[in-house]
Amino acid sequence: MKGWLGRAVANTVLRGGQGSRIARWSRWFRRTGPVADGRFQGSTDPYPRHWRQFPQPWPKVSTKDAAAREHLRQALSGLPPTWRAVVDRHDIAGRSDTDVAGELGITHEQERNILTRARAALRDQLAELLGRGGGR
Amino acid sequence: MSAFAPGAIDGARSTPRTLARRLVPLQIGVALQGFMLWVPVEKLFQTQIGFNAASIGIMAALYAAVVPLLEVPSGILADRWSRNGILVVASAALAASSLLGGLSTGVVTYVIAAMILGVYFAMNSGTVDSVVYDAVLEETGTSEVYEKWIGRVRMVEAAAFASSALIGGVLAGATSPRVTYYVTVPFALVSIVAFLRFDEPQLHRAAEPVALRQHVATTFTAMTRIPQVRQVMLLAALTALLAQAVFEFGPLWLVSLHAPAAAFGPYWAALVATLGVGGYLTSKLRLQRRGAVLLLAGLLAATPILLATSNSVIAVVAAQTALQLLVAIIGIHAGLLLHDAVPSTIRAGVSSGVGTLSWMLFLPFSLGFGWLINAHGVHWAAWVLVGVVGLLVVLVAASTRRRAGTPEPTGAEPDLDDPVAGTTQPAVSTDVACRDLVALVTDYVDGVLPTDWRTRLDQHLDECDGCSTYLQQIRTTVEMLAYLNAAPQRPAAHTDVDR
């Protein structure tokens, strides 16, 4: 009945020493960058780390476009609370990185990283609306 | 981007208080789940209710077949439904299995209890890792502190294993092994409360589907076509097999030597402790050196010989603990070799391939090994361990020879591995690829990117229509966000931001 412990050992083993990226072996660990890994070519493809498929261009969209604004609001409310807090303060209220990081109790670097991921996630959501046929 | 600021690594690596607070209920849940009092005396109890080594082997084989089958549906369920929910189901299965195990008076009900424990394991495996990963990402925007926090969670778990082993042994000695099963049930049930209080990350729901088939194909190619990868995979799988064999069959040595129930607690605690100690030692020992690896391999070969010849409980416990410790160290070493041998994008697939391979090897092994112990006794069976360890030693020696003969493969590839995290300074000699651009685009748009990087991104943008489109779309997104503030006719979206 202790097979699970053996498996725990296997996982520990694969997790490796410090710095081993194998830690992310689980099927869920796909997000290493702000844009899903699957959208870029792998190391065995002709152009590793380049787009597998280019993002669909968007039609010209006004910042007053009601549908797009509503979509963006929806997308914003779907972000993790900390991400939403960063976007709200930095991009919507226009406050400085240092201010935002200080208020949220995170470092400047973390605030910038969250901003990168949050903007990428919001772009993806807008792409669903604006890209032709829901293309990304 | 953070990568350029001095002290950027520290900046990305510090833990915000929100994250530490958020992970508390999860750690409590994991500790309560790990508090399994029956584990150290299981083999004792099994022999009391009519198991012999052969039926233990069959049970282990059934288990080895069931868990991998359940892992895939549990993963899908976790993605589609809720990972807290999965952890709750796992705890419920653990409680049910412990109760049924305690009620068992024969082999059949106990095997059913073991299958239910398989549900617990399949549900739990990888789920805790993935929620920690996503919680870290949600609170810090990078995965930098993931290693630290998963390490802490594992430490809590190991402490629970070790202390419950000691207490379980004492409890079984004072009362009976059966009682340890019943006492485990409330701990498992209370862990449900802890998991329900955990604020589950929502990120995975937003994840884009990956091109799964293509990914599997690449992984499979690397696993089967590259001899170096095959060899390292076999090494990793064999270490997992050995570790599993000691956990599953090791206590039978103590049973056959008529060790008292109380001895099982410290014995089990020592075995479990090797997992943590092994990790610590690996970071201290410099396993790149060939001499160190060969010394470890020599020590490793000696331990099963002791198991084959000794009749002393203390010697057997010492030999098994040493074996487990060495296997843990070599296993971690194998993990690092695998890391070097496989490109980063398919490492995840290859490592789970190793997991599957070790289950597949363990299935026939446990049947044969159980039969052998039953028919000829533990001493005879130990010679099989000598054989497996011998094979392991050969593989380790082969891997060091190759490693010594080739220039260090590390360092060249991981440079651009994860520019997002802000830890790995992108190599200046490498051209910017699209994957780097999406990580640097925020700093580019906000005008805080250092000049030399700006120039290189501009060069890339001149040639790449895809990235030009992407940049334009990020700009549009940021402009639209700024305008949300300028027209506050629908302030609802703002007010709930801080929740």
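**Helical organisation of chain B and confidence in chain A**

Of the 23 residues of α13(B), 18 are buried, so this helix is largely enclosed by the rest of the structure. In this predicted model, helix α13 of chain B comprises residues 227–249 and spans 32 Å from its first C-alpha to its last, close to the 33 Å expected at 1.5 Å a residue. Chain B as a whole contains 23 helices and zero strands. Of its 499 residues, 49% are buried. Among contacts in chain B with a separation of 6 or more, 80% are between residues 24 or more positions apart.

The packing of two further helices of chain B was examined. The axes of helix α6 (residues 83–103) of chain B and helix α8 (residues 127–140) of chain B come within 10 Å and cross at roughly 150 degrees. Because angles over 145 degrees count as roughly antiparallel, α6(B) and α8(B) are assigned to that class. The crossing of α6(B) with α8(B) is left-handed. Contacts between the two helices involve B:R83, B:I86 and B:L87 on the α6(B) side, and B:T127, B:S130 and B:V131 on the α8(B) side.

The mean pLDDT of chain A is 75, and 72% of its residues score at least 70. Within chain A, helix α3 (residues 81–92) has the highest confidence, at a mean of 94, whereas helix α1 (residues 3–15) has the lowest, at 47. Over residues 6–30 of chain A, pLDDT stays under 50, although the model has 82 contacts beyond four places in sequence for this stretch. Where pLDDT is low, the predicted coordinates should not be read in detail.

Methods. Residues are numbered from 1 along each chain as its sequence is written. Chains are lettered from A and ligands numbered from 1 in the order in which they are written. This is a predicted model: local features need pLDDT of at least 70, side-chain atom pairs count only at pLDDT 80 or more; totals for chains, interfaces and linings use all residues. Helices (H or I, at least four residues) and strands (E, at least two) are DSSP runs, numbered from the N terminus. A residue is buried if 20 or more other C-beta atoms lie within 10 Å of its own, exposed if 12 or fewer, and partly exposed in between; C-beta atoms are placed from the backbone. Two residues are in contact if their C-beta atoms, placed from the backbone, lie within 7 Å. The expected span of a helix is 1.5 Å times one less than its number of residues. pLDDT is the predictor's confidence in each residue, from 0 to 100. Axes are lines fitted to C-alpha atoms, for helices over the stretch in contact, and angles run from 0 to 180 degrees between N-to-C directions. Angles under 35 degrees count as roughly parallel, over 145 as roughly antiparallel, 65 to 115 as roughly perpendicular and the rest as oblique. A crossing is left-handed if the near helix is turned anticlockwise from the far one by less than a right angle, and right-handed if clockwise.
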